[in-house]
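Visitor: Please take one part of this model and go through it closely. I would like to know what surrounds that part and what open space lies beside it.

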Amino acid sequence: MRAIRVQQFGGPEAMALVDVPTPEPGAGQALVRLHTAGVNFIDVYFRTGLYKAEQPTALGNEGAGIVEAVGAGVTEVRVGDRVAYAMARGSYAEYAVVPAAQLVPLPDAISFDQAAAAMLQGMTAHYLVRSTYPLKAGDTCLVHAAAGGAGLLIVQMAKAIGARVIGTVSTEAKAQLARDNGADAIIRYTEQDFEPEVKRLTDGRGVDVVYDSVGKTTFDKGLNCIRPRGMMVLFGQSSGAVPPFDPNALNGKGSLYLTRPSLAHHVLSREELTWRAGDVLGGVASGSLRLRIDRKYPLADVAAAHRDLEARKTTGKLIVGI
Ligand code: NDP
C-alpha cells in the first residue's frame with residue numbers, strides 16, 4: 001500500500017510517499033481502507049520529533065473509511081462498516097490498523113470527508129466546553145485562534161450553550177469567518193494587545209475561561225484576562241511551548257485553575273467516545289454544527305498541507321484524499 005513515512009524527523013519535506021506492506025489486524029483491531037485523512041497540528045509534532053514515535057514514523061491521527069477486515073474478538077464493528085476515528089496514528093495511508101474500540105460507525109448522512117474533518121477537532125471542542133470547563137449560558141470565554149480547526153468548532157459549541165465568545169485571530173478574513181460562526185467579539189491579536197481589549201470587553205471583570213491552543217505567545221497575557229477562580233485551559237502550542245511556569249502565579253492572579261488537557265483522556269471508555277462522537281456527528285448531520293473544510297490535498301501532496309498549516313494560511317479543517 002501507499003503510505004507516508006518520516007525517515008528522519010524534520011520539515012514537511014521529511015514526509016515521503018512510500019510502498020509498504022498492508023498491515024494485518026491483530027486481536028481487538030480492525031483494518032480500515034481509508035478514504036479521507038484529517039490533518040491536525042499534532043501531525044506536525046510527530047513529524048518534527050517533538051512527540052516521540054518509532055522510526056520510520058507513520059503519520060496522520062484521524063481518518064474515515066470502510067472496515068476491510070477484523071481481528072479476533074472484535075465486536076464494535078463489522079467488515080463493510082463505514083467508520084471514522086481519531087488518535088490512532090497512521091491515517092496518511094491507504095490502509096490503517098486501528099483498535100476497534102476507537103472506531104465509530106458513521107451515519108449515512110455523513111460523508112468520509114465530513115467525518116475525517118469532524119472527529120478529532122470536534123471531540124476536542126466537545127470535551128473542552130462540556131467537561132474541562134463546562135460552559136453555562138451567560139459565561140464568557142476567550143478562544144484563541146478562533147478561525148482555526150479547533151477554534152471554529154469551540155466557537156460554535158460555546159454559542160450553542162449560550163456563552164459569550166471573544167475570539168482572537170490574525171487577519172480580517174479570519175475575523176469575518178469567526179464572526180460568521182457566532183463569535184460575539186473578535187480581537188486581531190497580531191495588531192492589538194488582547195489583554196486590555198478583553199478587560200474592556202468584560203468591563204474589567206475578565207473572562208470565566210480561556211481556551212488557549214496557541215501557547216507561547218498568548219499564555220502569560222491570557223492569565224491576566226481571567227476573573228478570580230476562573231480557568232486557563234491550555235490545550236495546544238501552535239506558536240511554541242509555554243516555558244516553565246511558577247504555580248504561585250495562579251494565586252497572584254486570582255486563585256486561578258490551570259489545566260493542560262488532551263483528547264486521549266476524554267475518550268477513555270467506549271461510552272464516552274460514542275457520546276462525544278455522537279454529539280459531533282449528529283450536529284454535523286443536522287446542520288447545527290458547521291464544518292469548514294478549507295482545502296483537500298492529495299496524499300502525495302500532504303507536505304503542502306503541513307506548510308500551509310504551519311504558515312497560518314489556513315482556516316477550519318484540512319483533509320487528505322486517499
Ligand atoms: P489550527 O487550525 O488552529 O491552526 C493553528 C492556528 O494557530 C493558526 O491558523 C493561527 O491562527 C494560530 N497561530 C498563532 N500563532 C501561530 C504560529 N506561530 N504558528 C502557527 N499558527 C499560529 O490548528 P488545530 O486546530 O489543528 O490545532 C491547534 C492547536 O491545538 C495545536 O497546538 C494542536 O496540537 C492543539 N490541539 C490539542 C488537542 C488536545 O486535545 N489537547 C486536540 C486538537 C488540537 P491565527 O492566524 O488566527 O493566529
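Guide: Contact here means heavy atoms within 4.5 Å. The model is predicted, and the part to look at is helix 3, residues 149-161.

Start with its length. Helix 3 has 13 residues, which at 1.5 Å a residue should span 18 Å. The C-alpha atoms at its ends are 19 Å apart, which agrees. Just after helix 3 comes Gly-162, with a positive phi of about 105 degrees.

Next, the surroundings. Buried means under 20% relative accessible area. The buried residues begin with the run Gly-149, Ala-150, Gly-151, Leu-152, Leu-153 and Ile-154. Val-155, Gln-156, Met-157, Ala-158 and Ile-161 are also buried.

What do the buried residues of helix 3 pack against? Their partners include three helices: helix 2 (112-132), helix 4 (172-180) and helix 8 (270-286). They also pack against strand 9 (140-143), strand 10 (164-169) and strand 12 (207-212).

Now the open space. The second largest pocket holds about 180 Å³. Helix 3 gives the largest share of its lining, 4 residues. Helix 2 and helix 8, like helix 3, each supply at least two residues of this lining. Among the residues that line the pocket are Gln-156, Met-157, Ala-160 and Ile-161, along with His-126, Arg-130 and Asp-279. Gln-156, Met-157 and Ile-161 are also on the list of buried residues of helix 3.

The largest pocket has a volume of about 1000 Å³. It is lined by 48 residues, and those closest to its centre are Phe-41, Ser-213, Gly-236, Gln-237 and Ser-238. Helix 3 is one of the elements that give two or more residues to this lining, as are helix 1 (41-48), helix 2, helix 9 (302-310) and strand 16 (317-321). Here the largest share, 4 residues, comes from helix 2. The lining has 21 nonpolar, 20 polar and 7 charged residues. Domain 1 and domain 2 both give residues to the lining of the largest pocket, so it too lies between them.

Terms used: Residues are numbered from 1 along each chain as its sequence is written. This is a predicted model: local features need pLDDT of at least 70, side-chain atom pairs count only at pLDDT 80 or more; totals for chains, interfaces and linings use all residues. Side-chain values use heavy atoms; hydrogens and water are left out. The expected span of a helix is 1.5 Å times one less than its number of residues. Buried means under 20% relative accessible area, exposed over 50%, partly exposed in between (1.4 Å probe, protein chains only). On a 1 Å grid over the protein atoms alone, a cavity is a set of points where a 1.4 Å probe fits but cannot get out, and a pocket is an open set with protein on both sides within 12 Å along at least five of seven lines; lining residues have an atom within 4 Å of a point. Grid points are joined across faces, edges and corners, and a volume is the space filled by probe spheres set on the points. Ala, Val, Leu, Ile, Met, Phe, Trp, Tyr, Cys and Pro count as nonpolar, Asp, Glu, Lys and Arg as charged, and the others, Gly among them, as polar. Domain bounds come from an automatic or database domain assignment.
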